[in-house]
Amino acid sequence: MKGSERRKELIGWLETEGSLSLLDIVERFGISKMTAHRDLEALEARHALKRIHGGAVALEKPATAPAAATAAPLPSFTGTAQGSCVICFRPTGQHLLYSLTLNNGEQRLTCCPHCGVSAHLMLGDQVAMALTADYLTGRPHPVQGSFFVLGSAAVPCCRPSILTFEDQAMAQRFQTGFGGTLGRLEDAIGYLQEEMSLHREGEGCPHCAGQARRD
Ligand SMILES: [Zn+2]
Ligand SMILES: [Zn+2]
């Protein structure tokens with residue numbers, strides 16, 4: 001199969017399935033990882049898809065864009081996204097940012113929704129509100145309305161992976177490709193609590209172990 005045909009077929013699959021992992025692409029076409037990478041790069045350059053860690057997702061159709069454009073002003077991360085995660089001290093960036101505003105008005109930033117959910121566990125009732133970035137668009141939105149994909153194969157930051165999506169359909173499409181379970185904030189909190197109790201003894205991530213000792 002010629003490269004151009006393969007890329008056309010790849011886009012077709014992506015449109016049907018919403019997301020493809022690099023391994024899917026390698027297996028289905030019987031090509032090398034390198035070639036799969038190059039295809040995704042070329043297609044992203046043409047704005048035919050969005051590359052994500054370990055694969056690619058379909059872009060939303062422009063037809064759905066006007067609705068978002070006329071919607072109420074979007075919440076935004078106040079202040080700067082630069083800082084370090086209050087849970088694991090990794091530097092924070094805009095893309096996976098999760099920000100918590102406390103009852104006293106102070107803001108706490110975390111590197112990704114994994115640490116954001118850890119922060120809910122740690123801070124409890126002190127949290128007045130929280131915003132999280134959509135994993136695909138980077139757009140901040142209130143965590144209460146967010147869809148959480150828990151424990152998928154895509155781990156852009158902390159493990160176990162917790163990623164947030166503003167749009168339920170996109171979260172489901174992502175989950176189809178990358179696994180994990182879909183839930184809301186309460187589910188994410190429960191999920192991490194369970195993970196922490198599993199890590200209570202022995203190895204596991206250092207901050208989770210630290211959290212587990214607190215209760
Ligand atoms: Zn962190
Ligand atoms: Zn993180």
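How many bridges join strand β6 to strand β7, and in which sense do the two run? I had in hand a predicted model. I found four bridges between β6 (residues 98–102) and β7 (residues 107–110), and the two strands run antiparallel. I then looked at the connection: β6 and β7 form a hairpin with four residues between them. In that turn I noted Gly105, which has a positive phi of about 90 degrees.

Next I followed the other pairing of β6. Strand β8 (residues 127–133) pairs with β6 over five bridges, in the antiparallel sense. I used Thr101 to tie the strands together: its bridge partner in β7 is Gln107, and its bridge partner in β8 is Met129.

I then turned to the backbone angles. Most residues other than glycine have a negative phi, and most peptide bonds are trans.

I looked up His47, which is not a glycine and yet has a positive phi of about 60 degrees. His47 lies in the loop between α3 (33–45) and β2 (50–52). I recorded His47 as exposed, because 8 other C-beta atoms lie within 10 Å and the cut-off for exposed is 12 or fewer.

Phe89 also went into my notes, with a positive phi near 70 degrees. The loop between β4 (83–84) and β5 (91–92) holds Phe89. Phe89 has 12 C-beta neighbours inside 10 Å and therefore counts as exposed.

Last, I checked the peptide bond from Arg159 to Pro160, which is cis, with omega near -5 degrees. I placed Pro160 in the loop between β10 (147–150) and β11 (162–165).

Note on methods. Residues numbered from 1 in each chain as written. Chains lettered and ligands numbered in written order. Predicted model: local features only at pLDDT ≥ 70, side-chain atom pairs only at ≥ 80, totals over all residues. Buried ≥ 20, exposed ≤ 12 C-beta atoms within 10 Å, placed from the backbone. Pairing = 2+ DSSP bridges.
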